[in-house]
Amino acid sequence: MPRVDHEERRTQIADALLRIADSQGLQAASMRVVAAEAGVSLRLVQYYFHTKEELLMDGLARLGAQLQARMLAWIAAAGSPPTPRATVTAVLGSILPTDPESRRITRTWSAYYTLVLSEPALAERHGTAHADLLESFLAKQIAAAREAGDVAAGRDPAVAAAGLLAMTNGLGSSVLGGQRTGEAALAVLHHHLTELFTP
């Protein structure tokens with residue numbers, strides 16, 4: 001009998017969930033719908049993921065890994081070693097939906113965000129973990145830039161990081177909604193980064 005690669009099966013099912021999240025939203029992603037999208041039986045989905053929440057969280061972890069890989073690629077392209085400003089620019093620029101991959105990631109994140117808004121219990125358990133980690137990372141980069149004299153001494157790194165991340169998320173929504181292009185969103189982001197990284 002052929003050997004079953006369990007991780008490959010889990011990935012097949014989770015990828016189906018993420019495709020549904022991207023195209024239809026997560027409210028449409030019942031276990032049965034995910035099984036049909038993955039081309040497997042409902043029973044197999046339930047074998048690998050005992051609850052819908054377990055499947056949702058696995059998909060979210062995979063989406064986070066995809067976004068992290070994109071960020072790391074952008075950081076690597078920013079220089080070796082990248083400065084704090086280059087790192088912040090790369091991270092926030094990689095989030096903006098400027099190409100098919102980032103548009104897919106942004107739409108899927110939005111689907112998770114919409115789900116969290118409609119399910120308060122899910123928000124309490126999983127709602128802000130990724131955002132908190134990213135905000136903390138950005139704050140550390142801004143603090144390092146302030147230490148180096150590249151950011152004004154009076155700027156609060158945590159507040160600056162929160163503002164930049166909120167602005168980037170808002171710009172992403174405006175791109176998906178057709179208000180502006182990805183290039184225009186990047187221009188707005190770079191304008192605010194220049195203001196921040198001017199001592």
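Which residues in H1 meet which residues in H6? The close-ups below start there. This is a predicted model, in which local features need pLDDT of at least 70 and side-chain atom pairs count only at pLDDT 80 or more, while totals for chains, interfaces and linings use all residues. Residues are numbered from 1 along each chain as its sequence is written, and side-chain values use heavy atoms, with hydrogens and water left out.

**View 1. Helix H1 (residues 6–23) crosses helix H6 (residues 100–118) at roughly 90°.** Helices here are DSSP runs (H or I, at least four residues), numbered from the N terminus. The two axes, lines fitted to C-alpha atoms over the stretch in contact, come within 8 Å. H1 is therefore roughly perpendicular to H6 (angles of 65 to 115 degrees, on a scale from 0 to 180 between N-to-C directions). Leu17, Leu18, Ala21 and Asp22 of H1 meet Arg104, Arg107, Thr108, Ala111 and Tyr112 of H6, contact meaning heavy atoms within 4.5 Å.

**View 2. Arg70 sits in helix H4 (residues 52–77).** Arg70 is buried, at 5% relative accessible area (buried is under 20%, with a 1.4 Å probe and protein chains only). Leaving aside residues up to four places away in sequence, Arg70 touches Ser94, Leu96, Thr98, Asp99, Glu101, Ser102 and Ile105.

**View 3. Helix H10 (residues 182–196) has buried residues Gly182, Ala185, Leu189, Leu193 and Leu196.**

Notes. Helix = DSSP H or I, 4+ residues; strand = E, 2+ residues; numbered from the N terminus. Parallel < 35°, antiparallel > 145°, perpendicular 65-115°, else oblique. Buried < 20%, exposed > 50% of the residue type's maximum accessible area, 1.4 Å probe, protein only. Expected span 1.5 Å × (residues − 1).
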